Amino acid sequence: MDVQNACNALMGGEFSIAALDKVVSAAYNPIDPNRALANKTLMQLQEAPELWTKADAIIEQATNPQSRFFGMQVLDDVIKTKWKILPSEQKDGIKNYVVGKIINMCQDEAIIIRERVLVGKLNLTLVEILKHEWPHNWPSFISDLVGSSKTSEVLCENNMQILKLLSEEVFDFSKDQMITEKVKRMKESLNGEFTQIYQLCDFVLSNSQLPSLLKVTLQTLQRFLTWIPLGFIFQTTLIDVLVHKFFPVQTFRNDALDCLTEIGSLSGLDPQYDPLFRKLLAEFLMRLADIFSPETDLQPAYDNGSEDDRIFIQKLAMFLSGFFKAHLLVMEVPESHQTLITGMFYLVRVSSVKDVEIFRICLEAWYMLAEGLYKSEFSSHNNSGSIGGNVLNLNGHSSFGGQQGNSRKFLYSPVLNGVRQVMIASMAKPEEVLIVEDENGDIVRETAKDLDVIAQYNTMRDTLVYLTHLSCEDTESIMLAKLTEQVDGSGWSWNNLNTLCWAIGSISGAMTEEEEKRFLVTVIKDLLGLCEQKRGKDNKAVVASNIMYVVGQYPRFLRAHWKFLKTVVNKLFEFMHELHPGVQDMACDTFLKIASKCKRKFVTLQSDESVPFVCDLVDNLPSIISDLESHQVQAFYEAVGIMLSDTGVSNTINREGLLAKLMELPNQLWRTNMERASNDVNSLVDPNTIKELTKVLKTNNRVCMATGPLFTHQLKVFFVDMLNVYKVYSERISAEVAMQGAIATKMSLVRTLRSAKKEVLRLLNVFIDKSGPPEAEPLAVAQGFIPPVLDPILGDYKRNIADARDPEVLKLFTTVVIKLKNHVLQDVPRIMEAVFEVTLDMITKNFEDFPEHRIRFFEFLRAINKHCFPALFNIPPEHQKLVVHSVVWAMKHTERNISDTGLDVLHELLLNVGGTPSVAQPFYQQYLLGLIQDVFAVMTDRLHKSGFKMHATLLRHMFHLVQMNQVTLPLFDPATQPPGTTNPAFLRSHISNLLITSFPNLTRSQVSKFVEGMFDLQMDLPTFKLHLRDFLIELKEFSTEDNSALYSEEQERAAREREQALKAERSAIPGIIKPSEIIDEDL
């Protein structure tokens, strides 16, 4: 029978095992011409409702192993998807078949070895059945399993695998697959019957000589150790058996160590167990000493040993790290000091192994130790009242008097030197370093950030800062010794220099100023000397990157030592001519960082200088930036702009003149292109010209961001030309769209033109955002810069097709309204007329298109409502109606940031309306009832639970307005209501009817009680929220859901408070906050 006939037979209802074997063979043969047909046949066959009844025949009679697995898959599918609807006799038939098949295959060790994969699949199938049947329909399962295990070692070994899988299913993988009540019952059953399981494990471990059985028993036991009653661990011989019988034997060592790790990591136990943990560690270390001593260098063993040896070292790291994290204080009693220190020495040895995963495991313990020691020292200093000029005085320069002998620091001092050595030698790469060694051993520019490495660096940095506080001298001594080895060549390597310099940079702020000065003078001199000494492009790049990283981390030192600062900056200028990838980027980044932290030094006349440094810098600027790429040039200009932004009293430079000189090169390039355009306007749309102008705009943008109001003088130079360029580019885009349709926006030329337009918009946005006295007063900006902008930008936005409208326009006018406020009040109607309707039309067709326009539009609306509210009632009534409808649409949006913005806008709108009597009553009459209904709709749709706080705020505000008779015009049609109906009475009736209609499960008394509470003026906001929340949870639609989002306000507030407390705590520790994150009040 060929494959096609076999497929036809199977699909025609003539099922045979031989045909199935044929089809499966074709499906798994990559070169069979009928493979696609065979796969299609198997997929259709799997969907046949009665195929599972043939699963046993397939498993028993198929000759192709893949056919048997197909049969197992069919059986698995019916157990997972149809088990509950199968008759009891069919369930029993499947159960008996699977159990019988497992037992039969386990009678012969040769079969088990040959069919190990199939047996493993059968075990998984049995566990699937157990998830449905045990314990309620199969209460004797554990007893049956334990009883059968004692009949055969081969069967016992497989039964252990089943127990291991069952424990994993119940305790590790059950969360998303079984309901909570079912998981709870299974856990209780395992707990209740664990005595039998433990006795089986104990019997095997005591009597068996079969290595494979012993290994799987240890693995099974490890799965149970996290949750079994403690008596099985501490009131039996289990720990002794693990430590003294199995750990010393290499075959079982790793599995025994897994068990001991689970035991050693148990935490939060009663103090009565403390002596047992002390005994566990002491006996474990005694056995470990038979394998290697605390002085052994593990690197050769790790490099040259077997896979099991490497796994052992990793598991040892997990045991020691987990044990110390759980029981460090327990081990600090005098009689256990030696055991504790020995264990720590072992952890230092393990930490020294060059393996990232092993080090990260150990790092957790070292971080906890360093932080704990630091905090206990801080506490003892506070208690002894010894804090002086140095906040924590932990650098070892003063004694603790009588407390010195009791200090935890001195208990661990023999170990801490080794920890510092390991931390410095293994320091992770900081985010600021852009130069890395690739897999080929070449020095290259980093192309992507490794988030794991950044997280590791942050933890290591904190750890090293704590260790430095505990002994500044030891940290300094280690670092300088390692630096000497780099300078004299005895320890030179890229990695050694990198880790050392990263470590040096990481402890910035952890020393006193005097210590920092002494330390850094040596470090910087040695590094500069090393740069001169080393030959070779890559060597120089490595040294350069390390110099730049270190100096960038110590702004306090540079501010205090002008000559060093000047030397460093001049060195950075040298590095800007170094063509090695990454060096120039890092030089510009470091220069920018130093400029922002030391700007006043550059604009102040220093001793032995004829002019402030910035003057020379601007004079020599063309030669300094001659080898830089455009993005690097922009960073350089921003750095100089930051210097010019300084307005301190010691700053006597002509800031306006220096800004003009700084911008000579970009202004000259701009003028050249404008002169060419005056003869031929089409030259402006040449791709090269567009790119040149875009670069000039980007440079201006960076300078504007840095200089702030001072930039007014520069903007005046090319403001009119810039708007003309914008107009030309807009017209060209419109022409292309008219000629080619919407597809034109995807064309290269149009995309380039739009990129240039966006740079214009960004520059104007930054300028207005940064504007302020004295050079850019709001009134002057509103009168001088805004009117010329309106026509070219707003007209273009309104006329263009949707795909060609830039969201940056909305962002620009949002900034205009926020910064210039009532100075642009008369311009707001014109702005709204241009952007409002066309944007609303773009974003209300669905919830997905134009996502950036959406958020920018509602930010714009919020800005007008907040800062130019009167303008909203100077627009046509139909536009006023659109404003309200757009706010309602926003709060119904499924994107949280848009719905939250909509709620905020509505709240601010209501507050503003309430404060403006001339518009309040007509507004309430037209919109208030609809708004109440809309807020209710959003609150009860189950999609917007995160907005609950604002829903409550809005409803309380609107209901109380009505109850306090602040709404004087009727909210209803008087012709449809009885005479004398008041707004409060109407609203009560209207809302009650609305709720009863919408939620039929509510009784009239429930609704009446709820509605009365809504009108209760005595309710403050927290009480009102509680009233609303209780009502929502009563609703059938909410009762079965996760309603934690209704409490998100409280959760977010608690998270903020925790974050603020942590930030305050960290801020009190010198050096913990990175220099780049510290806000310097006075530079």
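User: Why does Y924 count as buried?

Analyst: This is a predicted model, so everything here is computed from it. Y924 has 3% relative accessibility. The cut-off for buried is under 20%, and because 3% falls under that, Y924 counts as buried.

User: What makes F923 and Y924 an edge-to-face pair?

Analyst: Two numbers go into that kind of label: a pair of aromatic rings is described by the distance of the centres and the angle of the planes. For F923 and Y924 the centres are 6.4 Å apart and the planes sit at 75°. Rings pair if their centres lie within 6.5 Å, and planes over 60 degrees apart count as edge-to-face. Both values pass, so the pair is edge-to-face. F923 is buried too, with a relative accessible area of 5%.

User: Okay, then why is the pair of F284 and F319 called tilted?

Analyst: Their centres are 4.3 Å apart, with 45° between the planes. Stacked needs under 30 degrees and edge-to-face needs over 60, and the rest are tilted. Because 45° is in that remaining range, tilted is the word for F284 and F319.

User: How many aromatic pairs does the structure hold, and which residues do ring pairs link into a cluster?

Analyst: The structure holds 40 aromatic pairs. Ring pairs link F234, F247, Y273, F277, F284, F312, F319, F323 and F324 into a cluster.

User: Which residues touch the most other members of the largest nonpolar core?

Analyst: That core has 363 residues, and F591, F813 and L955 are the ones touching the most other members. Helix α46 (residues 917–939) provides the largest share, twelve residues. Domain 1 (229–355) and domain 2 (367–379 + 410–631) each give this core at least three residues. As background, nonpolar side chains tend to be buried together in soluble globular proteins.

User: What does L955 touch, leaving out residues up to four places away in sequence?

Analyst: L955 touches I932, V935, F936, M939, M1014, F1024 and L1028.

User: What makes α30 mostly covered, and where does it bend?

Analyst: Of the 21 residues in α30, 17 are buried, and that is what "mostly covered" refers to. Helix α30 runs over residues 583–603 and bends by about 75° at K597.

User: Why does D608 count as exposed?

Analyst: Exposed means over 50% relative accessible area. D608 has 71% relative accessibility, so D608 counts as exposed. D608 lies in the loop between α30 and α31 (613–619).

User: What is the phi of D608, and what is the phi of N965?

Analyst: Phi of D608 is near 70°, and phi of N965 is about 60°. Most residues other than glycine have a negative phi. D608 is not a glycine and its phi is positive, and N965 also has a positive phi without being a glycine. N965 lies in the loop between α47 (948–963) and α48 (983–998). At 53% relative accessibility, over the 50% cut-off, N965 counts as exposed.

User: Is S506 buried or exposed, and what does S506 contact?

Analyst: S506 has 0% relative accessibility, under the 20% cut-off, so S506 counts as buried. S506 is found in helix α25 (residues 494–506). A polar atom of the S506 side chain lies 2.7 Å from the backbone oxygen of A503. Leaving aside neighbours within four places in sequence, S506 is in contact with M427, Y457, R461, L464, V465 and Y549.

User: What backbone oxygen does the side chain of S167 reach?

Analyst: The side chain of S167, a residue in helix α10 (residues 153–171), reaches the backbone oxygen of R223 at 3.4 Å. S167 is buried, with a relative accessible area of 1%.

Technical notes
Residues are numbered from 1 along each chain as its sequence is written. This is a predicted model: local features need pLDDT of at least 70, side-chain atom pairs count only at pLDDT 80 or more; totals for chains, interfaces and linings use all residues. Side-chain values use heavy atoms; hydrogens and water are left out. The bend at a residue is the angle between axes fitted to the seven residues ending there and the seven starting there. Helices (H or I, at least four residues) and strands (E, at least two) are DSSP runs, numbered from the N terminus. Buried means under 20% relative accessible area, exposed over 50%, partly exposed in between (1.4 Å probe, protein chains only). A polar contact is a pair of N or O atoms within 3.5 Å; within protein, one must be able to donate a hydrogen and the other to accept it, and residues adjacent in sequence count only if both atoms are side-chain atoms. Contact means heavy atoms within 4.5 Å. A nonpolar core is a set of buried Ala, Val, Leu, Ile, Met, Phe, Trp, Tyr and Cys residues joined through side-chain atoms within 4.5 Å. Domain bounds come from an automatic or database domain assignment. Rings of Phe, Tyr and Trp (its six-membered ring) pair if their centres lie within 6.5 Å; planes under 30 degrees apart count as stacked, over 60 as edge-to-face and the rest as tilted.
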